[in-house]
Amino acid sequence: MSGWSQIKGRAVALDARNVDTDQLIPARFMSQPRDQGYGGFLLHDVRSDDAGHVLNRYAPQVLITRENFGSGSSREAAVYALVDFGIKAVFAPSFGDIFSSNAVNNGLLPARVTEAEIDALIDRLGDDDAAAFVDLGTGEAEIAGTKLQFSVDPVWQQKLINGWDDIDMTAQYAAQITEFRGKRLAAHPWAMPTTD
Amino acid sequence: MSAPLTTVHDVPRIGLHDVPRTMLDKLWDAHEVLRRDDGTSLLWVDRHLVHEGSHHGFAKLQARGMQVAEPLLTFGVVDHYAPTRAGEMARDVRHMIDTLARNAAATGIRLFDLRDPGQGIVHVIGPEQGLTLPGLLINCGDSHTSTHGAFGALAFGVGATEVAHILATQTVWQKRPKTMRIVFDGTLSPGVTAKDMALHWISRLGTGGAQGFAVEYAGPAVEALSMEGRMTLCNLSIEGGARLGMVAPDEVTFAYVKGRPFAPRDHAAACADWRALGSDAEAVFDREVTFDAAQIAPTVTWGTSPEEALPITGVVPEAAQSTLEYMGLDAGMPLETVKVDQVFIGSCTNGRIEDLRMAAAVLRGRKARVPGLVSPGSAIVKKQAEDEGLAQVFVDAGLEWADAGCSMCVGMNGDLVETGKRCASSTNRNFKGRQGRGARTHLMSPAMVAAAAVEGRLADVRPLLEGRL
């Protein structure tokens, strides 16, 4: 995964609360291999019922939406759908916990801003797109002419900027993991599944 | 590119705990390999459960040419796509199941496949097989992994990138969540179940109410629950935003675990360790919420989020027009007048033997007015329900008795609710499109689903259970 520090692109608003991962990608698409691209599955049912849906008219990099975005199932495919569609950052007051981890593991920024800021942005954007600038390093953004600060876990911020990969990162601790394993199983032999 | 080396904190494990600790603290400390300066912990994973949906994780591992680090701690289960009825398997369903079988065989993982007598839903068979134990850290690429917390385990769902990381290293990076205790005082009324407790707290605190927290359920009404009930309660933690839910292990837990196939042979020694897991009496939680169990009524959802739930005696509230339209409801309608087209009993939330017993208690000697599907949580639950005569009760009532799997909770195997149809369901998510495109889902306990089947509408189960409990 490659890192990034700025987005210069377009933003649209998705005026909905609790956009869960079942909506972001309906389960029936999840048997597809990733290399075919998941962008077409993003919010599939909502978009196919509404030709004028904002995501049928624009190809934004930034999505503005309401609280509890990405709640529900742990399916990382919801993040693949957003990323493959071209989205690099989602601004919302809150996110599903597992979704946030999945997002950061795929280079997608879950940026937290206040409800009042979201209200104002959604008002301003309406059904159209607008210019968006996001600076991951400073935690500042300018969307539709409005400047705002967003918050993101500092660990995630570094991970997104540097494109760190957890498996590579963990490799340096291999010896400690082996030592821990030995001690744990010696102290708590019941932790090993019984096999006859 | 990988991160620069950071200072790693030595984690004290023994003898230094003067500060009272919560169960989360104890479980966390026992699994913390190291903690980076930035506060992120590398945790040891005792059990990793994979299913057909884990194919992205295996693909990531293979792309890097890596092996599964601990095949003996990794278990595979066919559940999300498992067919529950006879007939030809759809091509993509077959492909998903075959892919898991291939990955399991290539990596030396024990697989509970469709022919296995222990087959079933991952969160049903983990406990049933004794893979789930108090004191373990359990991960699975499924958000309802919180179910296993019912045993006093640290159990949480992970995404595909994390699945790949666990396969490769048997560890997971996590930040310690805040702690929240949800206390249920008092006693549940007859006909009110763990499902109602869960829908009740989620409706009060909201679907984001426990975001960022690990929830510990406590209090007399929780202690009075069977393991099945505790699993239902912990299962739904994620619907309130919590990645983890847990209950302190006690004699009920130990009795459930004892003698199960993968459980420790030296039960007494293990119990000695497990007795120390509960939160210390003086432990402080970041947030504490108390409910009176006696005030909880049979609860149903009316909307498209699990927080949109009310006592069955309530009326459809004013709500977003898009929600009411999707659900085909008008504000002000009494919930008991809402007609259903079909019912479903099953899932990792409510597909266990006790759930089927409760539903059968309602249905015995009665006929369902609407069609419905009953899918037990595992092949073992299925066999037990048949031996106890429960299956016959469902069949006599006119419901279809099927095989075990995730089935109509998520519809991946083709068990779907048709567009515009209304289903009373013992599952966990009433999201738009969850049970099928345009499907209208009402979540409730298995007993309440049985009541809806008997009445053909959302109905209060309490009168139907009189003299039957």
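Tutor: Let us begin with a term: a residue is called buried under 20% relative accessible area, exposed over 50%, and partly exposed in between. Please bear in mind that the model is predicted.

Student: How does B:Arg85 count by its relative accessibility?

Tutor: B:Arg85 has a relative accessibility of 36%, and therefore counts as partly exposed. This residue is found in the loop of chain B between strand S5 (74–77) and helix H3 (91–107).

Student: Which residues is B:Arg85 in contact with, leaving aside its neighbours within four places in sequence?

Tutor: The contacts of B:Arg85, with those neighbours left aside, are B:Leu373, B:Glu400, B:Ala402, B:Met408 and B:Asp415. A further distance may be read from C-alpha to C-alpha: B:Arg85 and B:Ser375 are 9.5 Å apart in space, although 290 residues separate them in sequence.

Student: How is the packing of two helices described?

Tutor: Two packed helices are described by the angle between their axes and by the distance between those axes. In chain B, helix H13 (residues 353–363) packs with helix H16 (residues 446–455) at an angle of about 30°, and their axes are 8 Å apart. Angles under 35 degrees count as roughly parallel, and H13(B) and H16(B) are therefore roughly parallel to each other. Their crossing is right-handed.

Student: Which residues of H13(B) and H16(B) meet?

Tutor: From H13(B) come B:Asp355, B:Met358, B:Ala359, B:Val362 and B:Leu363; from H16(B) come B:Pro446, B:Ala447, B:Ala450, B:Ala451, B:Ala453 and B:Val454. By class, this contact has 10 nonpolar residues, one charged residue and no polar ones.

Student: Let us turn to strands. In which sense do S1 and S5 of chain A pair?

Tutor: Strand S1 (residues 6–14) and strand S5 (residues 130–135) of chain A pair in the antiparallel sense, over six bridges. A:Gly9, for example, has A:Ala132 in S5(A) as its bridge partner. S5(A) also runs antiparallel to strand S6 (residues 140–143) of chain A, to which four bridges join it; here A:Phe133 has A:Glu142 in S6(A) as its bridge partner.

Student: How many residues lie between the strands in the hairpin of S5(A) and S6(A)?

Tutor: There are four residues between them, and in this hairpin A:Gly139 takes a positive phi near 75°.

Student: What is the secondary structure of chain A as a whole?

Tutor: Chain A has nine helices and seven strands. Its C-alpha trace spans about 60 × 40 × 30 Å along its principal axes, and 58% of its 196 residues are buried.

Key: Residues are numbered from 1 along each chain as its sequence is written. Chains are lettered from A and ligands numbered from 1 in the order in which they are written. This is a predicted model: local features need pLDDT of at least 70, side-chain atom pairs count only at pLDDT 80 or more; totals for chains, interfaces and linings use all residues. Side-chain values use heavy atoms; hydrogens and water are left out. Axes are lines fitted to C-alpha atoms, for helices over the stretch in contact, and angles run from 0 to 180 degrees between N-to-C directions. Helices (H or I, at least four residues) and strands (E, at least two) are DSSP runs, numbered from the N terminus. Angles under 35 degrees count as roughly parallel, over 145 as roughly antiparallel, 65 to 115 as roughly perpendicular and the rest as oblique. A crossing is left-handed if the near helix is turned anticlockwise from the far one by less than a right angle, and right-handed if clockwise. Contact means heavy atoms within 4.5 Å. Ala, Val, Leu, Ile, Met, Phe, Trp, Tyr, Cys and Pro count as nonpolar, Asp, Glu, Lys and Arg as charged, and the others, Gly among them, as polar. Two strands pair if DSSP finds at least two bridges between them. Buried means under 20% relative accessible area, exposed over 50%, partly exposed in between (1.4 Å probe, protein chains only).
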